[in-house]
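Let's take a friendly walk through a protein model, one part at a time. Keep the structure open beside you as you read.

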Amino acid sequence: MKNHTRVVVIGGGIVGASMLYHLTKLGWSDVVLVERKQLTAGSTWHAAGGFHSMNSDPNVARLQAYAISVYKEVEEISGQDVGMHLTGGITIAATTERWEVLRYEHERHRVLGIDSHLIGTDEIRKLCPIMDTSKVVGGLWDANEGHIDPYGSTHALAKSARMAGAEVYLNTRVEDLVHKADGSWTVVTDKGNIDCEHVVNAAGLWAREVGRMAGVHVPIVPMEHHYLITGDIDEIAEFDGELPLILDMDGEMYLRQERNGVLLGVYENNSTPWSVNGTSWDYGESDLLTPRLDDIANELMRGFERFPSVAEAGIRRIVNGPFTFAPDGNPLMGPVRGVQNYWSACGVMAGFSQGSGVALALSQWMINGETQGDIFAMDVNRFGAYASKSYAIEKAKEFYENRFLLLCPNDEWPAARPNKVSALHDRLQKSNAVFGSSFGLEIPLWFAPKGSAPVENPSFRRSNAHAPVGEECRAVREGVGILDSSSIAKYEVSGPDAVAYMDYLFASRLPDLGRVRMGPLLLPSGHLKGDMTIMRLAEDKFMITGSGYLQEFHMLWFEQHAGSKDIRIVNRTDELSTIAIAGPRSRELLSLVTTTDVDNASLPFMSVHSMDVGIAPCLVARLSFTGELGYEIYLPTVYARSIYDQLLTVGAKLGIREFGIRALVSLGMEKSFGIWSREFTPDYTPVMCGLDRFVDYGKTGFIGREAVLADRDTTPEHRLVTLEIAALDADAWGYEPVWYKEEYAGFVTRGAYGHTVGKSLAMAYLKSQFLDSSNNEFSVHIVDQRRPATILPAASYDPGGLLMRS
Ligand SMILES: Cc1cc2nc3c(=O)[nH]c(=O)nc-3n(C[C@H](O)[C@H](O)[C@H](O)COP(=O)(O)OP(=O)(O)OC[C@H]3O[C@@H](n4cnc5c(N)ncnc54)[C@H](O)[C@@H]3O)c2cc1C
């Protein structure tokens with residue numbers, strides 16, 4: 001056994017083996033994998049081995065599609081049979097609603113490069129003669145789905161890595177991790193110590209234990225999961241070909257062929273978390289759990305109805321095994337904040353679909369310092385301290401039980417809520433707010449009319465929120481609105497080296513004292529890492545604000561670049577509340593609650609002042625995402641209730657109205673303001689999305705400078721535009737294809753109805769060659785039909801930006 005190496009991967013399941021292979025594939029061969037028993041000795045050995053590329057996040061879907069090519073690659077390199085059955089797969093719809101969603105999904109596959117096809121029941125029966133299609137409406141066929149041998153694929157990956165120089169130590173258990181002062185590690189095993197630069201936690205069922213060895217809480221929980229294998233079925237024995245992988249979401253089951261029978265797996269509504277306090281070191285290799293047939297009886301009955309011959313075939317074997325789930329069902333990968341050189345490759349719920357994608361992205365991150373493209377949906381830093389053990393259990397259970405639920409874009413799931421609440425929560429409740437959840441915090445989405453239940457109907461079309469949100473928007477544009485924006489992330493950077501640090505971190509010029517500036521963060525590749533607002537509070541003190549759900553993501557980046565600089569970085573999000581007021585009468589309102597001059601000369605657009613609001617010492621920044629005259633008031637959370645009440649009382653005579661995030665998004669869309677995760681992500685560069693106007697190209701020495709300079713005068717493949725869509729009763733949500741005549745021209749990032757301009761709007765990345773095309777030949781596919789669209793030459797509301805400066 002080596003006593004020094006570059007990377008130790010802990011765990012020899014499908015994820016650890018994929019990780020080892022990808023590190024070598026990308027050029028690091030001095031790497032080892034340590035496995036406490038044999039390869040596959042966790043969840044991997046008893047998996048059904050199914051793989052598919054569908055995922056609600058497009059980048060995860062792309063990485064899932066990549067997995068198939070890896071299996072073929074390692075089979076060729078290693079000579080080890082991976083047991084590939086590329087049967088193709090059908091996702092079936094048994095309700096008209098599901099069928100509509102599948103058709104929508106099919107359109108979006110064009111954007112993702114997934115070559116799927118809609119098929120009718122005749123074709124489904126031809127491909128899968130054992131299915132009773134009497135209650136099936138149709139299906140979505142993807143040729144790149146199937147199943148693989150868990151043993152063969154894991155061994156092929158490990159062997160390919162070994163052939164490239166990696167080493168694998170079996171029957172070797174990691175017992176402890178010692179972090180050294182220089183950031184490197186000593187991995188303590190029962191066979192001796194290994195010093196290394198990086199450790200990767202790919203310990204699957206034991207990821208929580210391996211997390212604890214480094215003081216890391218891993219918010220996952222194993223869930224029990226069943227499938228059964230039948231005896232031979234005549235129709236299958238006589239069938240010329242192999243059954244496809246069937247995903248029957250309405251039946252909450254999946255099925256594939258196993259010899260001349262089938263493997264039928266179910267996601268029951270009565271789920272069972274397993275070993276919630278930790279996984280025993282004694283579990284594994286060939287252990288299975290006792291089947292709980294009563295708990296899965298309903299789903300099995302549905303399976304027998306859809307596949308009648310399965311009921312008659314007799315059960316040859318029932319498998320109940322545990323595998324891990326993060327709170328939202330996506331993997332937890334990436335560098336762990338606060339623990340240098342400790343990398344997470346955990347919570348990979350669909351290891352055979354996702355293992356290679358996780359491994360590719362994580363290897364890129366370790367070796368190149370960034371991933372190719374946006375992987376936030378899998379980033380371990382999308383969760384914070386709020387994702388406690390109990391939270392993880394409740395959410396994982398909810399995810400498991402609803403895995404195949406027909407999910408609408410406005411769905412807000414209820415488990416583990418309320419978790420964190422702002423100081424204004426009960427005030428908002430009294431006003432009939434409908435809440436969403438962001439980074440564990442309850443946020444007001446919109447306000448339901450008095451007397452009606454504060455609940456939104458899940459829908460792909462305009463919901464019952466549409467009219468009330470319209471009223472909120474008009475109230476802001478015509479008078480004054482007030483919003484609890486406490487979810488905004490607030491960071492303070494101060495100290496003797498603060499200016500040098502900020503100049504290095506941000507691509508923009510820093511604001512002067514008392515001023516505010518938009519600040520893009522860039523990756524070394526010149527792609528976006530963040531879109532933030534910088535406020536200069538003193539010569540050497542700044543407040544940075546950004547999207548609240550990115551707190552860990554931002555803090556990791558800030559800390560990674562602090563080096564030995566003499567600075568202090570503090571996340572003040574929870575201790576400071578934010579109240580936003582906006583609208584033509586917002587200055588009047590502010591003037592009624594402060595003794596400070598707030599006229600345009602004293603508090604101009606994009607300035608920030610310390611002042612009392614009511615009796616509270618506040619920081620007031622003059623800016624608003626609504627595009628109106630507006631202010632963000634930052635104040636210690638203990639004052640938030642009294643000041644909110646005072647603003648409402650004083651504002652009553654000005655017709656003040658509470659508004660929510662939905663109205664904010666609509667108003668911002670009318671201004672063509674982009675947001676993070678949609679228009680701005682690591683997939684895009686400043687030139688593509690227009691953030692180049694905030695980049696100070698004359699400045700030296702900031703992250704991404706060389707790349708962004710080189711990119712400056714090139715024509716990007718895509719550019720961001722705003723579209724007006726002749727929509728009917730539904731607006732775009734995101735990732736809908738945009739067509740120019742019959743040609744694919746680009747994709748929507750986000751849509752919203754612009755209530756005060758009376759237009760259905762969307763932002764979209766269009767391929768540059770279509771930007772000068774005739775503007776009346778575009779269309780966008782929304783829900784179940786193509787609707788005509790036009791590119792807007794400027795923002796649909798106040799394009800000159802005069803109102804916010806007034
Ligand atoms: C019944 C069932 C059916 C499934 N069907 C599918 C399917 O069809 N498709 C799909 O994609 N997924 C499926 N899954 C899920 C799949 O099994 C998991 O996603 C996958 O196995 C996770 O792999 P892993 O490498 O992360 O973890 P694991 O397989 O748990 O591997 C972790 C490894 O780490 C080792 N280890 C842990 N701690 C230490 C230590 N301290 N020192 C050394 N070694 C250590 C363990 O021994 C183990 O081998 C199924 C799961 C179950 C239970």
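## Helix H13

The buried residues of H13 are Pro468, Val469, Gly470, Glu472, Cys473, Ala475, Val476 and Arg477. Here buried means under 20% relative accessible area, exposed means over 50%, and partly exposed is in between (1.4 Å probe, protein chains only). Helices (H or I, at least four residues) and strands (E, at least two) are DSSP runs, numbered from the N terminus.

Those buried residues of H13 pack against strands E20 (441–447), E21 (481–484), E27 (576–582) and E31 (657–658), and against helix H18 (661–670). A contact means heavy atoms within 4.5 Å. H13 covers residues 466–478, and its end C-alpha atoms are 18 Å apart, which agrees with the 18 Å that its 13 residues should span at 1.5 Å a residue. The expected span is 1.5 Å times one less than the number of residues.

## About the model

This is a predicted model, in which local features need pLDDT of at least 70 and side-chain atom pairs count only at pLDDT 80 or more, while totals for chains, interfaces and linings use all residues. Residues are numbered from 1 along each chain as its sequence is written, and side-chain values use heavy atoms, with hydrogens and water left out.

## Around the ligand

How many residues surround the ligand? There are 39, and the closest are Glu35, Arg36, Thr44, Val348 and Gly351. A residue counts as near if one of its heavy atoms lies within 4 Å. The shell divides into 21 nonpolar, 15 polar and 3 charged residues. In this grouping, Ala, Val, Leu, Ile, Met, Phe, Trp, Tyr, Cys and Pro are nonpolar, Asp, Glu, Lys and Arg are charged, and the others, Gly among them, are polar. Helix H1 (14–25), strand E12 (221–230), strand E16 (315–325) and helix H10 (351–368) each supply at least two residues of this shell.

An oxygen atom of the ligand is 3.0 Å from a polar backbone atom of serine 43. For glycine 49, the distance from a polar backbone atom to an oxygen atom of the ligand is 3.2 Å, and for phenylalanine 352 it is 2.8 Å. The protein covers 97% of the 1,000 Å² of accessible area that the ligand has on its own; such areas come from the Shrake-Rupley method with a 1.4 Å probe, and for residues only the protein chains shown count as cover.

## Helix H5

The buried residues of H5 include Pro150, Leu157 and Ala161. The buried residues of this helix pack against H1, helix H2 (58–78) and H10. Glycine 165 follows H5 and has a positive phi, near 115 degrees.

Is histidine 781 buried or exposed? Histidine 781 counts as buried because its relative accessibility is 9%. This residue is found in strand E36 (residues 778–782). The side chains of histidine 781 and glutamate 107 are joined by a polar contact of 3.5 Å. A polar contact is a pair of N or O atoms within 3.5 Å; within protein, one must be able to donate a hydrogen and the other to accept it, and residues adjacent in sequence count only if both atoms are side-chain atoms.

Lysine 565 sits in the loop between helix H15 (551–560) and strand E26 (568–571). With a relative accessible area of 30%, lysine 565 is partly exposed. Not counting residues up to four places away in sequence, lysine 565 touches Asp497, Tyr501 and Tyr504.
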